Amino acid sequence: MRGLIKRLLKEDIGLVYVTLGNMGSAVLGAFFWFILATILEVSSYGLVNYYLSLASIFTALGAIGLNTTVIAFLPKGEEEVLYEANSLILISGLILAFSLSIFHWSLGILSATMLFFTMTQAELLSRKMYREYALLSIGARLLQITSSLLLYFHTGLTGIILGYFLGYLAFSYKYFLSLRNLTLKIKSLKEKWSFALHAYGYNLIGKTLPNFLDKIIVGSLFGYYTLGLYQLGFQFFMFLSIISGSLYGYLLPEESSGKSKKELKLVSLIFAVVLALAFYIVSPHIIQTLFPSFADSIPIVQLMSLAVIPSTAVAMLTASLLANGKSRAVFIAGVIYIVSLITGLVIMRSIIGELGLALAFIIAQAIQAIYLGINRKSISRS
């Protein structure tokens, strides 16, 4: 096993870079929000989160699935897809900037640059420039932290949003360079609209809405105290899921170019099981030591940490299906997940209390993984 891991690390160093980039960005982001919590009032802290969440949702809407389309087809040598997608994204970004400016002028430019940054990341991944992807992810976050804090002390809350804007703007260089090939033709994309729309639906259903809709339902139906317990469990899950997220970003361009990564998938799944079980054991001590006021969340955190196992399977299966052009199955799986999650949250909470929220979360992840697995097997048989 040791020899296998060494060989995989040598052959799949790209996964290491993608993981480092995602992990570095996530850790720095968490550190930044901790700093903000020490200098902002609760209401101001919530307002900034609301604005950034709103911009994130609009960015997901404006991407139209084109970032995933680029990652899936540029490794196949279809350069036209990149230029056509980036040209459409420019139009989408301008529409976003105008629309969000109704809420606050800074949100408009923030959402547009978030979109450009997303396409820059997509190009780096699709060209397998994994080291540059890691540096870009971490660099953007560092610039955001520095500029947001400096601007906050000069202009208040708007400065934080502008700091985020500057971080995304400075590191969207690949996107802006690609505009030299700006085109109004979308011949290549027309052939892939079905894929793009399914990927678009998956990005919304599978990524954006699950990060926000469940919080709204839990807070509205069961109160903010229950939401706090659930949210802490979700935060720990997100931290543990950094590996699976990186795995998806790495596997999609690799498998799209025809490479098989069966051994890597096996090692990743074993690692997810070990990580989940280890955290299940140590999480009570971590919470009692660092978050004593969240002691009631211990069983929720323990259960939700186990969800990293099916989520890792979901990441691998999703990458394989998208690499084979099966975006419809991925979209349906996302719909099944969010319906299962919301239904489970309401039913399980009424039956066994707060612990039911965590159980509903795991069940929804498992159902999604099973559906994707069934569709993946159908590809193997054909």
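The lining of the largest cavity contains 6 nonpolar residues, 3 polar ones and no charged ones. In this grouping, Ala, Val, Leu, Ile, Met, Phe, Trp, Tyr, Cys and Pro count as nonpolar, Asp, Glu, Lys and Arg as charged, and the others, Gly among them, as polar. The model is predicted, with local features needing pLDDT of at least 70 and side-chain atom pairs counting only at pLDDT 80 or more, while totals for chains, interfaces and linings use all residues. Residues are numbered from 1 along each chain as its sequence is written, and side-chain values use heavy atoms, leaving out hydrogens and water.

Rolling a probe the size of a water molecule over the atoms shows where empty space is left. A cavity is a set of points, on a 1 Å grid over the protein atoms alone, where a 1.4 Å probe fits but cannot get out, and its lining residues have an atom within 4 Å of a point. The search of the whole structure finds 1 cavity of 30 Å³ or more. The volume of the largest cavity is about 30 Å³, taken as the space filled by probe spheres set on the points, with grid points joined across faces, edges and corners. Around it stand Leu 240, Ile 243, Ser 244, Ser 268, Phe 271, Ala 272, Leu 275, Val 308 and Thr 312. At least two lining residues come from each of α14 (242-256), α15 (262-290) and α17 (308-323), and α15 gives the largest share, 4 residues. Helices here are DSSP runs (H or I, at least four residues), numbered from the N terminus.

Helix α17 also has a packing partner. The axes of α16 (residues 298-306) and α17 lie 4 Å apart, at an angle of about 30°. This makes α16 roughly parallel to α17, a term for angles under 35 degrees. Axes are lines fitted to C-alpha atoms over the stretch in contact, and angles run from 0 to 180 degrees between N-to-C directions. Met 304, Ser 305 and Leu 306 of α16 meet Val 308, Ile 309 and Pro 310 of α17, where contact means heavy atoms within 4.5 Å.

Two single residues complete the picture. Ser 172 sits in the loop between α8 (157-170) and α9 (173-178) and is buried at 0% relative accessible area, buried meaning under 20% (1.4 Å probe, protein chains only). Not counting residues up to four places away in sequence, Ser 172 touches Thr 113, Phe 116, Phe 117 and Thr 120. Ala 333, in helix α18 (residues 327-352), is likewise buried, with 0% relative accessibility. Beyond its neighbours within four places in sequence, Ala 333 contacts Gln 368, Tyr 371 and Leu 372.

Conventions:
1 Å grid on protein atoms, 1.4 Å probe; cavity = no way out; pocket = protein on both sides within 12 Å on 5 of 7 lines; lining within 4 Å. Parallel < 35°, antiparallel > 145°, perpendicular 65-115°, else oblique. Buried < 20%, exposed > 50% of the residue type's maximum accessible area, 1.4 Å probe, protein only.
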